[in-house]
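Here is a friendly walk through the model shown below. Please keep the structure open beside the text as you read.

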Amino acid sequence: MSRRLILIRILAVLVVLLGVNYITWRWLESINWEAWWIAVPLIVAETYSLIDTILFSTTMWRAKEREGPKSEPQGTVDVFIATYNEPVEMVMETARAAKRIAYPHETWILDDGDRAEMAAAARSAGLGYITRTADWQDKPRHAKAGNLNNALFETEGEFLLILDADQIPDPLILHRTLGYFADDPQVALVQTPQWFINVNEADPLGSQAPLFYGPIQQGKDGWNAAFFCGSNAVLRRESLMQLGIVGYVRDVEDSTQRTLRAAEKLLGREARRNQSVPELHLELRELRQEVTRARADISQAEPIAEVTYRLRAKIDAASRRLVDNDLATMADDLAAIESLPIQRDAELGTLVVNDVALDALATRELSPLGAVKSVAALLDALRVDRPEEAQPIQPLATISVTEDMATAMQLHGMGWRSVYHHEVLARGLAPEDLQTMLKQRLRWAQGTMQVFLRDNPLAKKGLSGGQRLMYFGTMWSYLSGFAALVYLAAPIIYLTLGILPVTAWSVDFFARFIPYFLMNQLLFLVVARGIRTWRGQQYSLALFPVWIKACTSSFANVVFKKPLSFVVTRKDGRSAEGLPLREVWPQLTAIVLLVIAFVIGIVRVLVGAGDGTGTLVNTVWVGYDLAALSIIVQAIFYKGPAAYAEEPKGVT
Amino acid sequence: MKLTVTTHEGYAAVRPVGRLTASGAPRLKQEVQKLIESGQPRIVVDLAETEFIDSSGLGALIGGLKAARVAEGDLRLASATEPVKSVLKLTSLDRVLKDYPTAEAAFGNE
């Protein structure tokens with residue numbers, strides 16, 4: 001174990017002990033119950049933050065710094081460049097760089113925009129070009145996951161390097177990563193950092209994520225939970241296909257059981273309703289027994305394709321009999337009352353049936369034919385081919401708008417391993433304006449929360465305890481928007497109204513809080529090892545409306561099936577006119593309120609209405625909030641790196 | 001991988017010889033498609049000489065099953081070798097597809 005890791009562990013233990021000590025005292029001794037409406041939210045927010053700290057400490061506990069693979073690079077490789085609407089020239093620049101990757105491979109442009117211009121450019125550069133096949137018509141497209149899944153069935157390399165359209169790869173990217181797969185046949189994924197070249201030192205939009213693509217990924221890697229981040233990663237085809245097959249089997253099992261249960265109910269109801277028509281009643285009852293038998297067969301492990309094939313044949317035969325029967329009866333009845341749509345053919349002397357009119361009769365809700373037809377339609381779902389999807393097999397997860405996290409978690413659940421390789425091997429473009437950046441962050445957060453709600457890592461089979469915590473930790477951090485609201489409101493309420501959320505700003509308070517706070521900062525400092533993390537800290541508070549919106553919209557999406565509109569991040573630096581004030585009104589409102597509270601607080605002390613210590617604590621607190629939120633003001637006026645490059649030198 | 005196709009009374013048999021992996025999977029899919037288009041959607045994939053199958057190979061089987069069922073036929077497996085059986089079990093695809101003892105038996109009862 002390195003000396004650095006030992007130090008991190010000591011600090012981690014200390015910060016957790018001090019934190020638990022402080023929070024316990026806060027819960028038991030220092031809540032101001034008279035102002036419970038702010039006191040309780042504050043202690044809940046503080047407890048949230050302590051849990052966040054514990055999860056962070058757990059992440060860093062086993063930080064793994066890899067030295068590179070031991071084996072030589074080997075295997076066949078397809079390089080995928082996924083694009084939707086990025087400028088053709090940008091995609092081609094990436095594609096040409098991909099073609100120059102030194103290790104033998106094939107390069108493919110996966111054009112979800114299906115653009116003739118893109119196809120022509122790919123062809124003239126001698127690159128592969130893939131668009132969605134005809135199977136996808138009128139089916140859910142599943143965004144980038146769908147684009148990659150489609151390409152998986154058009155190519156055959158053992159490994160896939162996935163690149164976003166703006167990520168220019170280093171010629172050695174495959175040489176540096178493929179060896180991991182040979183080192184360990186259970187490795188499914190090697191992720192490398194995302195690094196942005198269109199970002200200056202100040203990075204006002206906080207695009208670089210040096211803490212994530214560094215200590216955090218290395219920490220997760222230590223628990224065999226390095227995340228897949230959608231680009232700059234190499235994946236093992238076999239692992240993805242296996243995921244697809246297992247997912248297919250699970251889906252077929254579920255949908256078959258569901259369909260059979262529904263069919264059983266429907267047939268039972270129809271049988272009861274048609275007791276007056278003995279033939280129909282009998283037929284429906286027999287069919288129902290067949291369905292019951294099929295369900296039993298499946299639970300006794302008989303292969304589903306067999307059972308459903310047999311059942312379908314029986315139902316087809318029965319409904320043919322029923323339809324014939326019904327037709328005859330109906331035809332007779334109708335003939336008897338000499339009404340259309342049946343006519344007697346004058347020459348042949350037989351009945352001629354007007355099919356269209358009969359169809360219309362049959363679809364009427366209460367006709368027995370309708371019952372049979374709806375059963376038949378229900379049984380279409382028994383074709384074991386996922387008729388509602390373009391591909392029965394979907395290797396990359398489609399349960400979330402961020403396919404990467406969901407896919408990696410499923411791979412981990414099946415026992416595959418992942419690697420984080422800490423070396424920049426592709427350089428890309430970050431969003432260049434505030435609106436685009438906000439949309440991107442919102443999408444990431446929404447995707448994460450979708451996975452949290454649909455496939456919760458704490459309940460997921462196959463994950464180790466450490467893996468559960470690593471996935472849960474990231475999801476937990478996206479709940480911070482609610483805590484931020486409280487951290488903004490509490491000092492404003494104190495400074496303007498003099499209402500204390502704690503019993504007193506006493507020695508007892510500081511003696512517990514300050515050591516915890518300082519130790520927390522120290523751990524962070526050691527972990528970051530000189531990386532500048534202030535930008536990230538600012539945004540984690542300043543984007544509170546984004547985090548809250550992500551939580552509420554994903555909840556509405558998963559629970560109430562309300563659609564999330566999927567946004568593709570734009571990276572070509574074009575920005576809309578005007579200042580994006582509407583997008584950040586909550587932050588601007590918070591800034592105004594904090595400043596007002598600050599002034600009122602000072603005035604209250606001056607006129608003798610305010611408490612000195614309390615005001616000092618809260619003005620420092622307000623100062624921190626303002627320092628964090630100030631990044632939003634910078635970001636509003638940020639025009640992208642191009643604007644700075646165009647400024648003539650020497651002009652002030 | 002070699003692929004032989006034979007037609008029989010009431011079904012056609014496709015026999016992959018060797019390793020059915022990502023490189024052979026598209027060919028298997030094409031052969032199945034061809035049979036369906038020629039009016040024979042009752043297909044047995046005879047695995048007697050398939051030494052190994054990977055998930056891409058299984059993917060081709062599922063793709064074929066879908067195509068056959070849409071055409072109101074079926075795709076069935078026969079005489080899987082031990083390594084193939086273990087992959088079917090590992091991916092739990094044996095919950096969906098049955099492995100018949102012989103190609104003749106696959107559609108034998110109909």
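## A helix to start from

Helix α1 of chain A, residues 3–29, has 27 residues and reaches 39 Å from its first C-alpha to its last, close to the 39 Å expected at 1.5 Å a residue. That expected span is 1.5 Å times one less than the number of residues. Helices (H or I, at least four residues) and strands (E, at least two) are DSSP runs, numbered from the N terminus.

Before going further, note that this is a predicted model, where local features need pLDDT of at least 70, side-chain atom pairs count only at pLDDT 80 or more, and totals for chains, interfaces and linings use all residues. Residues are numbered from 1 along each chain as its sequence is written, while chains are lettered from A and ligands numbered from 1 in the order in which they are written.

Which residues of α1(A) are buried? Among them are A:Ile8, A:Leu11, A:Val15, A:Leu18, A:Tyr22 and A:Arg26. A residue is buried if 20 or more other C-beta atoms lie within 10 Å of its own, exposed if 12 or fewer, and partly exposed in between, with C-beta atoms placed from the backbone. An α-helix has 3.6 residues a turn, so residues three or four places apart point the same way. The buried residues of α1(A) pack against α2 (36–61) and α18 (507–528) of chain A.

## The chain as a whole

Chain A holds 23 helices and 12 strands, and 43% of its 652 residues count as buried. Contacts here are pairs of residues whose C-beta atoms, placed from the backbone, lie within 7 Å. In chain A, 81% of the contacts with a separation of 6 or more are between residues 24 or more positions apart.

The chain is divided into domain 1 (3–61 + 479–562 + 580–639), domain 2 (77–238 + 392–433) and domain 3 (245–383); such bounds come from an automatic or database domain assignment. Where domain 2 and domain 3 of chain A meet, the contact takes 4 residues from each.

## Where the chains meet

How many residues does each chain give to the contact between chain A and chain B? Chain A supplies 22 residues and chain B supplies 22 residues. On the side of chain A, α9 (237–273) and α11 (304–336) each supply at least two residues, and the largest share, 11 residues, comes from α9(A).

In chain A, 3 strands form an open sheet in the order β5-β12-β7, with mixed pairing. Strands β5 (168–169) and β7 (195–196) stand at the edges with a single partner strand each, so one side of each is left without a neighbour in the sheet. Two strands pair if DSSP finds at least two bridges between them; β5(A) and β12 (residues 426–428) pair in the antiparallel sense over 2 bridges. A:Ile168 stands opposite A:Arg427 in β12(A).

Most residues other than glycine have a negative phi.

Conventions: Two residues are in contact if their C-beta atoms, placed from the backbone, lie within 7 Å.
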